[in-house]
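Dear colleague,

Please find the structure below, together with its sequence. A summary of the findings follows it.

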Amino acid sequence: MTLQPIKYNDGKLSIIDQLLLPQKLVYMEINSVEEGWRAIKDMNTRGAPAIAVVGALSLAVELHQKSLQSKQELQEFVSKSMDYLVTARPTAVNIGRAAIDIKRECQRLIGDDITTCQLKERVIKFIEGMLAKDESDNIALGDHGAKHIIENVKEDIVVLTHCNAGALATVAYGTAVGVIRSLNNFGKLKHAFCTETRAYNQGARLTAYELVHEKIPSTLIIDSAVSIALSRKQITAIVTGADRVAMNGDTANKIGTYQIAISAKHHGVPFYIAAPTTTIDVNMENGDQIAIEERKHEEITHFQGERVAADIECWNPAFDVTPADLITGGIITEYGVFKSTELKEKFKELNLI
């Protein structure tokens, strides 16, 4: 059974506390926008799609509890709350898209001949609809990616992934791990490799946990073993998730993705990005415009609880940007697999811009 990282019902929200995985599977309650912001900032929940859904649902939770006197007061609360939630993890585009969509829907509804209570109910219903859509989009994405790899890899399929883009990064199923899951469901996956993903070890703690939970044949490697794995382990495709994709295909993802893509090109292994269209930023032309979050130095200055090299300077970027020309396999979306050069035209055809 696929992990359910987000549980929501009738204004009650709980999430798997991913900081406790894999030792403990514990759900933590989210009772307000402030608690949603903190869970995102502290990485109790992470992954661009999950960040957006958890943030939006934390607003729905507080709306359930809150008494608002007018439609204008409700609109102001929705707008301020979503703007605040976006600040928790600025590199991930999905929550920014969710904020725009929710504010736009609230603005559209406010002109209708409805009461404040009815407006609140409709905004909540709009937010709740994000849950089902995220899961269905990810299943479609996983199947599209798997079929593309099956069609283009004429041998036993061995896939490597980086960081965690599985069920734990979404509502369910996953993006990059969703592709691996679909390959396994189709009976075409020989083996999966996942990286530990320093500095936060999302691969070792989360992806490995998911792959074992799903009984998918898999191996964990350290980040710096990727190149030798590509030369010796018959890896036939690499699939990672994304936190933001520019319209030219440049992609921000967990730190280390860029160097994996470079090595993939050297070894002739197709490199894919798996990302729903909500992760593709229609307002960003290229990766130079993507703001890269830097995290606290303590994530890399402590080993087994002890401070190392007290006087050393630190640089701890959470993400890097992989240039579009290194994404040789394509960008996998819920609508199909596209080359970077096709993104803008495909978005126009799909009425997404």
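**Pockets and an annotated site**

The second largest pocket has 14 lining residues, and those nearest its centre are R97, I100, D281, V282 and N283. A pocket here is an open set of points on a 1 Å grid over the protein atoms alone, where a 1.4 Å probe fits, with protein on both sides within 12 Å along at least five of seven lines; lining residues have an atom within 4 Å of a point.

This is a predicted model, in which local features need pLDDT of at least 70 and side-chain atom pairs count only at pLDDT 80 or more, while totals for chains, interfaces and linings use all residues. Residues are numbered from 1 along each chain as its sequence is written, and side-chain values use heavy atoms, leaving out hydrogens and water.

The second largest pocket holds about 250 Å³ of space, a volume being the space filled by probe spheres set on grid points that are joined across faces, edges and corners. Helix 4 supplies the largest share of its lining, 6 residues; helices are DSSP runs of H or I with at least four residues, strands are runs of E with at least two, and both are numbered from the N terminus. By class, this lining comprises 7 nonpolar, 2 polar and 5 charged residues. Nonpolar covers Ala, Val, Leu, Ile, Met, Phe, Trp, Tyr, Cys and Pro; charged covers Asp, Glu, Lys and Arg; the others, Gly among them, are polar.

The largest pocket has a volume of about 470 Å³. It is lined by 19 residues, of which D101, M130, K133, D137 and T278 are the closest to its centre. Helix 5 (116–152) is among the helices that each supply at least two lining residues, and helix 5 gives the most, with 6. The lining of the largest pocket contains 9 nonpolar, 4 polar and 6 charged residues. At least three of its residues come from each of domain 1 (6–135) and domain 2 (143–350), with bounds taken from an automatic or database domain assignment.

Which residue does the UniProt annotation "active site" cover? In the unreviewed entry, the annotation covers D243; UniProt positions follow the numbering used here, feature names are shortened, and annotations may be inferred rather than shown by experiment. D243 lies in the loop between strand 7 (237–240) and strand 8 (244–245). D243 counts as buried because its relative accessibility is 11%, buried meaning under 20% relative accessible area, exposed over 50% and partly exposed in between (1.4 Å probe, protein chains only). Beyond neighbours within four places in sequence, its contacts (heavy atoms within 4.5 Å) include A48, T91, N94, K254 and F319.

Yours sincerely
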